[in-house]
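Subject: Structure handover

Hello,

Here is the structure you asked to look at. Please open it beside this email and follow along.

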Amino acid sequence: MSKLLEELKYRDLIYQQTDEEGIKKLLEKEKVSIYCGTDPTGDSLHVGHLLPFLTLKRFASYGHKPVVLVGGATGIIGDPSGRKEERKLQTLDVIKENAKKLENQLRNIFRDNENITFLNNEQWLSKITMLEFLRDYGKLININYMLAKDSVASRIENGLSFTEFSYSLLQAIDFNYLNSEYGVKMQLGGSDQWGNIVSGLEIMRKLRGEVEAYGFTIPLMLKSDGTKFGKSAGGAVWLDPEKTSPYEFYQFFFNTSDEDVINTIKKFTFLDKNTIEKLEKSLKENPHLREAQKTLASEMVKIVHGEEALESALRVTNALFSGDITSLNKKEFSQIEKSMPKVNLDKKSYKLVEFLVNSKLVSSKRQSREDITNGAISVNGKKIKDLEYQIEEKDIFNEKYVVLRKGKKKYLLVEFN
């Protein structure tokens, strides 16, 4: 078995293979051109999309030649796989803009790899007329064959338009085109893409006879409680830093449970087996240190956003831990601004005792005096014990903010009108 397949097996990244022995021999004899694609139906990928592309990146690390495909044409229709209802169609301009954004995110992930080819299937699918599509490709696939696909069968009861029904055939055309024009011999995808991948092989066989081409899928990523990986309490965790800041991205992975963290490290990071085993040992012996979670979070920010973004995310994390929020620049502060509880007050001076009540951090002046006296209150990271302390212009940073903290973890952002 090739070293790559051994690694994929160790990381539990092998689910389905169209020809296990054929793939093994292919990877042992040559550097393979392999592709993975995504459709620009949204303006950002999220962590649920990451694993196939990180697996593709592993192929690159072994010298294979990845092709990253953004579906500027298939995105106009949208893959019915995994959906319960028809997709709301986007305008062509939106699809085109989304395609640019997704390609930039993927280029960033592959920034340290060479021999990566980026393509958009609009380049060839847009040139096929409707009559050519029906005559040259539609004749090759039997309706019963299509109805047997999970992506189709699961939607028949609730209804499936001809538009989405035709999606699998369009993706099959992609595989055939990439094989004939770019020498792509493998397609990689999530387990939900199995039907689409096999359709591609079927099209090739009927058009061109025996062609060397293979399909490979990775397992669906589930958490130990059986739920789908990739969602946070606030919704999707986006790769776009404007939608999910590097700090929030870091926190999502840092909050991975002890039960899931080693499995997530294996699948998502490029850390070697020895390092992973050390982290597993630390997790068992000193779980309170959260070394595995810290490592996972750091590696993921580095992979998706780069070293500079990681440094910024760590500064934000440390500032929140220490309470010294004022050490952050405006861009870093904006990463936590939307995630902190916030109140608005009129811009005027307050006695701290009164300020705590008006901001609703405490319920009464008596409680306010008690907390201040006990050293439980910090203003912008500075502990205040003076009952006569006055909130004034000197306490306002970034022109309109004061950060209050009660105890170690209760934060409140006060924004002045």
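Which residue in β3 does Cys36 stand opposite? Cys36 stands opposite Val68. Now for some ground rules. This is a predicted model, where local features need pLDDT of at least 70 and side-chain atom pairs count only at pLDDT 80 or more, while totals for chains, interfaces and linings use all residues. Residues are numbered from 1 along each chain as its sequence is written, and side-chain values use heavy atoms, with hydrogens and water left out.

**The sheet**

Helices (H or I, at least four residues) and strands (E, at least two) are DSSP runs, numbered from the N terminus. Two strands pair if DSSP finds at least two bridges between them. In general, strands of a sheet pair through backbone hydrogen bonds, either parallel or antiparallel.

Six strands form an open sheet here. Their order is β1-β6-β5-β2-β3-β4, and the pairing is mixed. β1 (16-17) and β4 are the edge strands. Each has a single partner strand, so one side of each has no neighbour in the sheet. Further in, β2 (residues 33-38) and β3 (residues 65-70) run parallel, joined by six bridges.

Axes are lines fitted to C-alpha atoms, for helices over the stretch in contact (heavy atoms within 4.5 Å).

**Salt bridges**

Side chains of opposite charge can pair when their charged atoms come close. A salt bridge is a side-chain nitrogen of Lys or Arg within 4 Å of a carboxyl oxygen of Asp or Glu. The whole structure has 20 salt bridges. I will also say how accessible the partners are. Buried means under 20% relative accessible area, exposed over 50%, and partly exposed in between (1.4 Å probe, protein chains only).

- Lys57 and Asp112 meet at 2.5 Å, N to O. The pair links distant parts of the chain, 55 residues apart. Lys57 is in helix α3 (residues 47-61), and Asp112 is in the loop between α5 (92-109) and β4 (117-120). Lys57 is buried at 7%, whereas Asp112 is exposed at 60%.
- Glu332 and Arg315 meet at 2.4 Å, N to O. Glu332 is buried at 3%. Arg315 is partly exposed at 42%.
- Lys400 and Glu415 pair with their closest N and O atoms 3.3 Å apart. Lys400 is in the loop between β13 (390-391) and β14 (401-406), and Glu415 is in strand β15 (residues 410-416), 15 residues apart. Lys400 is partly exposed at 32%, but Glu415 is buried at 12%.

There is also a network. Lys29, Glu30, Lys185 and Glu212 are joined by salt bridges that share partners.

**Single residues**

Start with Arg405. This residue is in strand β14 and is buried, at 14% relative accessibility. The Arg405 side chain makes a polar contact with the side chain of Tyr411 at 3.5 Å. A polar contact is a pair of N or O atoms within 3.5 Å; within protein, one must be able to donate a hydrogen and the other to accept it, and residues adjacent in sequence count only if both atoms are side-chain atoms.

Next is Ser166, in the loop between α10 (162-165) and α11 (167-182). Ser166 is buried, at 8%. Leaving out residues up to four places away in sequence, Ser166 touches Ile77 and Phe133.

Now check the backbone. Most residues other than glycine have a negative phi, and most peptide bonds are trans. Asn115 has a positive phi, near 60°. Asn115 is found in the loop between α5 and β4 and is exposed, at 57%. Arg290 has a positive phi too, near 55°. Its place is the loop between α15 (273-285) and α16 (291-305). Arg290 is partly exposed, at 24%.

Best wishes
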